[in-house]
Amino acid sequence: MSARDDVLARVRRALGPSPSAPEVPRGYHQAGASRDGDAVARFCERAAEYTATVTRCGDDALAAVLGARARAHGVTRLACPAATAWAVDGAETVPDDPPLDPRTLDSIGAVVTGSALAIADTGTVVLDGGPASGRRALSLVPDVHLCVVRAATVVWSVPDAIAALAADGARGRPVTFISGPSATSDIELQRVEGVHGPRTLEIVVVDEAP
Amino acid sequence: MSEGFPQAARAALADTQLRRNLAGATATIRARRAAAVAECDDWQELRDAAEAIKTRTMARLPELLEMLETRVTEAGGTVHWARDAAEANAAVAAVAAAHGADEVIKVKSIATDEIGLNEALAARGVRAFETDLAELINQLGDDWSSHILVPAIHRNRSEIRRLFARTIAKGRPLTDAPEELAEAARVYLRERFLSVPMAVSGANFAIAETGAVCVVESEGNGRMCTTLPRVLVTVMGIEKLLPRWRDLEVFLQILPRSATGEPMSPYTSLWTGVHPGDGPEEFHLVILDNGRTDVLADELGRQALHCIRCSACLNVCPVYTRVGGHAYGSVYPGPIGAILTPQLKGLHAAPTLPFASTLCGACLEVCPVKIDIPSVLVHLRGRVVRETRGRVTREGVMMAAVAKAFGSRRRYERAQRLARLGHGPLADQVMGRWTAMRDLPEPPAQTFRSWWRERQG
Amino acid sequence: MITCLADTLFPRAGQATVTVLEHLGCDVVFPAEQTCCGQMHGNTGYRDDGLGLARRACRVFADAERVVCPSASCVGWLRETAPMLAAAAGDDALVAELRGLAPRMRELTELIIDDLGVEDVGASFPHTVTYHPTCHSLRGLHLGERPVRLLRAVRGLQLVPLPSAEECCGFGGTFALKNADVSMAMLADKVRCVGDSGAEVATAVDGSCLMQIGGALSRQRTGVRTMHLAEILAARE
C-alpha cells in the first residue's frame, strides 16, 4: 500500500463510522458588518502603532510625497513593479522588467509598490502579486519599503479582507499580509524592528480626487 | 524520556537564572495577549467558530486531504505522503539530492523538529540553517526549544551575546543590546537567503478548498525562505488543514492575538503551488502522519490535534512558567505538550506528562480553539494507569485500599479513626512528601460526623 | 455533602456550613452513608474507582432536594469531570445518574446567592481577610463574585486584595505529592502573596487548597490563619 493510501486508511479507521461534525457558529463580526467611523483614519492610526510611518495625501501630491519620504531615508533609487510606473520626485525608479535578481534588489536597497487592500482594524497592508503589488521578492529584499495604499481599498476588518481576497485565493495568487516592519521579540521579548524583511515601512495613503 | 517530569522539573527549578528569565518573559507576553484579546468584543464567538471549524475538519479529514492534494497538484506543486518521520525526512532529502543542494535554509517549524529533520539531513551531507532568530540561537548553542513561540525564552541577552561572540560574530565588538544581536543575525543570514537554492518550511494552515499554504511570522525569514530559493519544501501535519479560504477570517484573528499579542503578526504569507515568475520554481508539500492518526483514534484526546501552536497555554501555566519547556522532554512543551506528546509518541514514552498539571484550568481559559486540556489530562491519566502499568504498583495498591475504604460507611469510619492516629490508607495518602514544606493540620478532637451524631442526640 | 477531607480533618468547615444553612432556614440533613465523591481517584487516573465512588454519591443523595457542598472541586468533579469520564468509559447508566444529580448539586455560595437570594448571612467577623479564588471555583464552576459578595456583607470584616489571586496554589490533589517540588514552588509564591496582602486570615471555598496554603503559613510561622469561607459566614464575633 502506498504511504498515501495507508495514511488515508488510518485516518478513516481512527475516525470511525460517524465522527461528530458540528455546524460552524459564525456569531463573530463577519465581512460587511456595518461600522461607525472612518476606516481610512483608523487604518492610519493602527499602522502607525507598529512604527510604520503613515502619510496621507491627494493623488496630485503623490510623487512629491513619495520623493520626500524617500529623501527622509537617503534613498535616491527605488525598484518598482514592472507594470506600474511610479514617479518619485528626486529619485530614480527601476522597473522590475526584466525581473531584478535578489542581489540587485539588495543593492538598490529601496522599493515602491502599491497594494491590493488594507485593513483598518489591524493596520495591515495586503499585497497580492498583482500589477500594483509586484512580485513578492520586490517588497522583501530592499531595506526600505514605500507602500502606496489607495484610500478606496481600505476595508474595516480581517473578515472583510479575506472576503475581498477570495478571488485571489481562488486564482492562486500569492498573498502577503504586512503589519509593520519586520520585527523580532526573540531576545527577552524586547521588540526589535527590522530583522530580515524591510526595516523601514513607509505607508502613503492616497485619497483619490472625487 | 530518560527521566520523568518530576525529576526534570526539580533540576529546572534549581536554575535560578532560568526561573528569572522565564518568569519575566511569560509575564510580559501574558499581558500583551490579554490586551490584544480585550480589543475584540467578539472573542468568545471567534473561539466558538474556531473550535467548530477544527472539529469539522477532523471529521472530514480524508476528503479534505484529498482535496488539498488535488488543488496543490493543479497549481504545479508536488504532494508527498509520509507515514512517519523517516518517510518525511527521506522525502525532503530526495528533493535536496535532486537539486544537488548541500545546504538548505529553514523557517521555524516544530513539525520538522518533531521528525528530527536537521539531523536526518546532516546524516546525508546536507546542512540545514535555522533562520528564525531564536532557532538560530538554539542551533548555534547546540540547545533546543523550550517554548513553542519563543524557543530561546530560557536565554537572556548576555547569554546570547556570549554565544554570538564565539560563533557568528567572532572577533567583532558586540554589546548586549537586542538591536545589535539581531543585526548580527541579519548579517550572518542575508548571504544565505540570497544564495541557498532550497528552503524547508512548516505550515500554520493549509486551505483544502484552494490549495493555499499559510505561514505566519515576524522577522521576514519566513518570507525569505518561501520566496527566494528555487525549491521550497513544506512539511505539514495532517491536522493543519482548514476546509475553506473563508476560515482564515477566524484563524488569522485568533492566532496572532493569542500568540504574540499583536492584532496581526508582521508577515502572513499565503501561496498556492508554484506562481510562475514569482517565487520558487518548484514546490513540494509533505503531508505527515507520524502518530497523528493514533491521536485521532482517541475520541476525547483527538482535540489535541486542534492546536494552532499559539503557546498561550504555556504562558499562563503555573507549572510551565516555573520549570520551562525542557522539563517536558519534547518539542511540544507546556500543557498542550502534556496532552500531545504522550498521544503522539505513545503513553509509554511519556507516562509522567499527563500528571504534570494541577488541573488549574488556566490553559483552557486562554486556548483560542477551546481545547479542554484539563479534561484530556484526566482522561490520559486514566489511560496511563490502565495501559502502561504492570498489575501491581505501590500507588495502585494504596489507591485500591483507599477506594475500598471509601466503598462502605463502616470501613470509611474505621479508616478515619486510624487516620486520626496517624495510620492507615488515608494517612498514608496525605503524609508522603507533604511535610517537607508544610505542616499537617492537628487532628481535630472529633470528626464532622461524630459531631453530627452527637448533635442529633 | 461534607467532603471526606472536611469530615476527617476540618470538621469546623462542615459545622459552619450547617450553622449558616440552618440560620438561613434550610432543613439540613447529613446522610451518614456518604464517604468520598471519588475526585481524588478520578483525577489521579483511577477512573473506575473514582466513578464507583461517584455512583455511590449519586445514590446516597438520590432523594435530596438540593445537595450542597463546601468544596468547589468536589462539586466540579461530580457535575462535570465524572460525567465526561463515564461517557468515555461507555457507562451510560452512570452518565444518567450523574445528570440526575447535577441540577440539584450546589457549591455553598451558589446555594446562598442563587437559590436563597441572600448576600448578608448575618455574620460578623472583625478581622482583615484576603480571599483566594481557587482554580476549581474560578475557572471550573465560574463562581465569579459570589464568595466576595458574601464576604463584603460580613460586619467588621476588612477584605484586602490578594496579589496574583488567580494563580494556582499548587495543590492539585495528588500533584502535591507526585510533583512535590513544583507544587512547593507554586505554594511559596502563593504564601508570599498572602503575606503581602497584610491579612490576618486567608479564606477560600476549597478545604484542600486551604490545607496546602495553611500548611505553609503554619510552617513559616507567619501568624496568618486559614479559614474556610463557611467558617467566616458562621462567625458572630
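This is a predicted model: local features need pLDDT of at least 70, side-chain atom pairs count only at pLDDT 80 or more; totals for chains, interfaces and linings use all residues.
Domain 1 spans 4-115 and domain 2 spans 128-233 of chain C, with bounds that come from an automatic or database domain assignment. Local features need pLDDT of at least 70 and side-chain atom pairs count only at pLDDT 80 or more, whereas totals for chains, interfaces and linings use all residues. Residues are numbered from 1 along each chain as its sequence is written, while chains are lettered from A and ligands numbered from 1 in the order in which they are written.

Residues count as in contact if their C-beta atoms, placed from the backbone, lie within 7 Å. On that basis, domain 1 of chain C gives 23 residues to its contact with domain 2 of chain C, which gives 20 residues. Among the elements that give two or more residues to the domain 1 side are helix H2 (11-23) and helix H5 (72-88) of chain C, where helices are DSSP runs (H or I, at least four residues) and strands likewise (E, at least two), numbered from the N terminus.

The contact between chains A and B takes 63 residues from chain A and 76 residues from chain B, and helix H3 (residues 43-59) of chain B supplies the largest share of the chain B side, ten residues.

Strand S9 (residues 175-178) of chain A pairs with strand S9 (residues 267-272) of chain B in the antiparallel sense over four bridges, and A:Phe177 has B:Thr268 as its bridge partner in S9(B).

Conventions. Two residues are in contact if their C-beta atoms, placed from the backbone, lie within 7 Å. Two strands pair if DSSP finds at least two bridges between them.
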